[in-house]
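Subject: Structure handover

Hello,

Here is the structure we talked about. Please open it alongside this note.

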Amino acid sequence: MKKQPGSVWVIAEQIDCRILDVSLQLIAHARKLAIELETSVEAVLLGDKMNEQTRQLFAAGADRVYLGNAPDLAHYQPEIYTEIIVKLAKERQPEIVLIGSTSMGRELAPLVAARLGTGLTAHCIDLVLDENKILESIIPAYGGLLSIICPEKRPQMATIAAGVFPKPEMDENRTGEIIALEVPDDIPRRIQTLEIIREKPQGVSFESAPIVVAGGAGAGDLEGWRKIADLAETLNAALGATRPAVDEGWAELETMVGQSGKIVSPELYIGVGLSGELQHMVGIVGAKVMVAINNDAKSPVFEQVDYGVVDDCREFVPVLINKIKEYQEKLVTC
Amino acid sequence: MLKIVVCVKAVPDPKEAHKIKIDPATKILTRSDVPFVLNLVDKNAMEAALQLKEQLDAHITILSMGPPPADNIVKECLALGADQGFLLSDRAFGGADAYATAYTLAKGIEKIGPYDVVLCGMASSDGSTEWVGPEMATFLKIPVVTRVNEIVEYDGEWWKVKAGLENGYRLVRVKLPAVFTVTRDLNTPRSLTFSGIIKARKKEITQWGIDELAVPEESAGQKGSPTIISNLATIDSKRTVEIITGTREEKAEQLVQKLADTGLI
């Protein structure tokens, strides 16, 4: 008799009782994998007073929700979260475990993977099953795409950023089984979260922005970077950065677009002073119109966009800003 | 005395990293002639250790895993002010994924002896997984805090640190011994000094292979790695570009027209 494969799991994440979009996106993708594997989709949700929110997990495609509801679980506590998930995974033997690539996910996933003695992939831009129904994590690197698999150890684990998979269609009529989890009482408690502070993000958020302006090393210095920031502001666009721009200290890590940063799907993307490195370009998923401004006509970025301007971005961007403002003023007066 | 271990990694110089290709036959990265440098954010881990040493009675040990040329980055850390250096180097360690790397480093730390604090950069510029810190902590059976951007309290057995979150931070209290992975916001790393380089000449780097570490062969390198690269592909999502030409003014005007056509501006 063929062995029934374990379920596809998603470790859902909530912040202040709000389930993150990435968790719902992953559940919808887990559904696709589960259909191919002929198994079920299960979500693990840890928090406090989260009963109501399980409906969203079912609506996105979960068949079963393991729900830990306790004041101790209200926010991420690494030891308790790890312990609960590891214990449950040992008992239920999931085939695949997916986690959002958030600051919590990127700490929790390796803690769980190491305890389970299994492999974990990062920065996946797609997750598919190969001909042996083994999970392939597709990861951009070194000018191409790597497929990484975990052939023997189980579960197969991966972290995926928000936006890699589309917003799921929510079926509000779907329901499923809720299994309550106990909080173990033998936690060492060598680490305690005392306070969590979250500020309102500055500038335009990537998730909602129809336009993303991204800047790279071509900005040259902070002054050059400010010009790119001005362009973003003029267009009411979200401002993204390549890794070199973050490394230079011009932009915050949070604004990095690409493989190890944000994944965005804007209507319009404008890349300024960047060379089109794959690690950055994979962060722009399905942009309708793409524009690049770069002083090197041979830059690979010009093979990846619809419109290109060959010019020094430090000189060109201020001129462009003026022209955009003229255009915008004309619109108002018409 | 506070015993600090700083884990550092020799990575291909990010400025030349684009030259690195993947060998389709062996499915291992061929690093060609790209020079190794100290991973950028590891410098912040090193700086944190040096600042602690300036304020407390502390001893700094450098630990790295890599091919023999990686001893250069260990030397660099000794020249910055670390007290001793260890390089875990063996053919059997080659091809390690984050899991096998973390396991081998944990074995190295255990062999070095008692420790209070393990510091490492949040991620390497080549793999950038962020897995090694937490996985190493798991093998050492000690707590970890990732993405530390401020060490708030560091006297006594319990430390208080701030760790980065999306648009914010968490304040965490943690009992030593512990692993901390640090971000570039933690501090500004100092530069090498001539006198530091001279002093470092007297400091020795101990090299350990698989036998010294007593790591079973099946737990090290590629054999000890749960994940493998199974396939390689190229990307062909190329668009047909229209290069806008003319004077600077003309180019800007034409581009605005193209942007206006999208209806978004």
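Which side chain of chain B does A:Arg106 join in a polar contact of 2.9 Å? The partner is B:Glu130, side chain to side chain. Bear in mind throughout that this is a predicted model.

**Around A:Arg106**

A:Arg106 sits in helix α4 of chain A, residues 105-116. A second polar approach goes to B:Thr129: its backbone oxygen is 2.7 Å from a polar atom of the A:Arg106 side chain. The contact list of A:Arg106, neighbours within four places in sequence left aside, draws on both chains. From chain A it includes A:Gly100, A:Ser101, A:Ala122, A:His123 and A:Thr159. From chain B it includes B:Ser128, B:Thr129, B:Glu130, B:Trp131 and B:Arg147. Relative accessibility is 3%, so A:Arg106 counts as buried.

**Salt bridges**

Over all chains, the structure holds 34 salt bridges. Side chains of opposite charge can pair when their charged atoms come close.

Start within chain A. A:Arg64 and A:Glu177 meet through their side chains at 2.7 Å, N to O. A:Arg64 belongs to strand β5 (residues 64-69) and A:Glu177 to strand β12 (residues 177-180), so this bridge ties together parts 113 residues apart in sequence. Both ends are partly exposed: A:Arg64 at 22% relative accessibility, A:Glu177 at 40%.

Now go across the chains. A:Asp311 and B:Arg248 form a salt bridge at 2.9 Å, N to O. A:Asp311 is in the loop between β18 (307-310) and α8 (313-333) of chain A, while B:Arg248 is in helix α7 (residues 248-261) of chain B. Is A:Asp311 buried or exposed? It is buried, with a relative accessible area of 9%. B:Arg248 is partly exposed, at 32%.

B:Arg248 also pairs with A:Glu315, where the closest N and O atoms are 3.8 Å apart. A:Glu315 lies in helix α8 of chain A and B:Arg248 in helix α7 of chain B, so this pair too joins two chains. A:Glu315 is partly exposed, at 42% relative accessibility. Shared partners link A:Asp311, A:Glu315, B:Arg248 and B:Lys251 into one salt-bridge network.

**Domains of chain A**

Twelve residues of domain 1 contact eight residues of domain 2. What area do the two domains bury between them? The figure is about 740 Å², with 64% of it on carbon and sulfur atoms. Zero salt bridges are counted between the two domains. Two residue pairs are in polar contact across this interface, both at pLDDT 80 or more. On the domain 1 side, strand β9 (residues 135-141) gives the most, with three residues. That side divides into eight nonpolar residues, four polar and no charged.

**Two further residues**

A:Gln156 is in strand β11 of chain A, residues 156-160. With 2% relative accessibility, A:Gln156 counts as buried. Residues up to four places away in sequence aside, A:Gln156 touches A:Glu95, A:Ile96, A:Val97, A:Ile134, A:Leu135 and A:Cys150.

B:Phe194 is found in helix α5 of chain B, residues 194-200. B:Phe194 is exposed, at 65% relative accessible area. B:Val74 is 120 residues from B:Phe194 in sequence, and their C-alpha atoms are 16 Å apart.

Best wishes

Technical notes:
Residues numbered from 1 in each chain as written. Chains lettered and ligands numbered in written order. Predicted model: local features only at pLDDT ≥ 70, side-chain atom pairs only at ≥ 80, totals over all residues. Heavy atoms only, no water. Helix = DSSP H or I, 4+ residues; strand = E, 2+ residues; numbered from the N terminus. Buried < 20%, exposed > 50% of the residue type's maximum accessible area, 1.4 Å probe, protein only. Contact = heavy atoms within 4.5 Å. Buried area = accessible area lost by both parts, 1.4 Å probe. Salt bridge = Lys/Arg side-chain N within 4 Å of Asp/Glu carboxyl O. Polar contact = N/O pair within 3.5 Å; in protein donor to acceptor, adjacent residues only side chain to side chain. Nonpolar A, V, L, I, M, F, W, Y, C, P; charged D, E, K, R; others polar.
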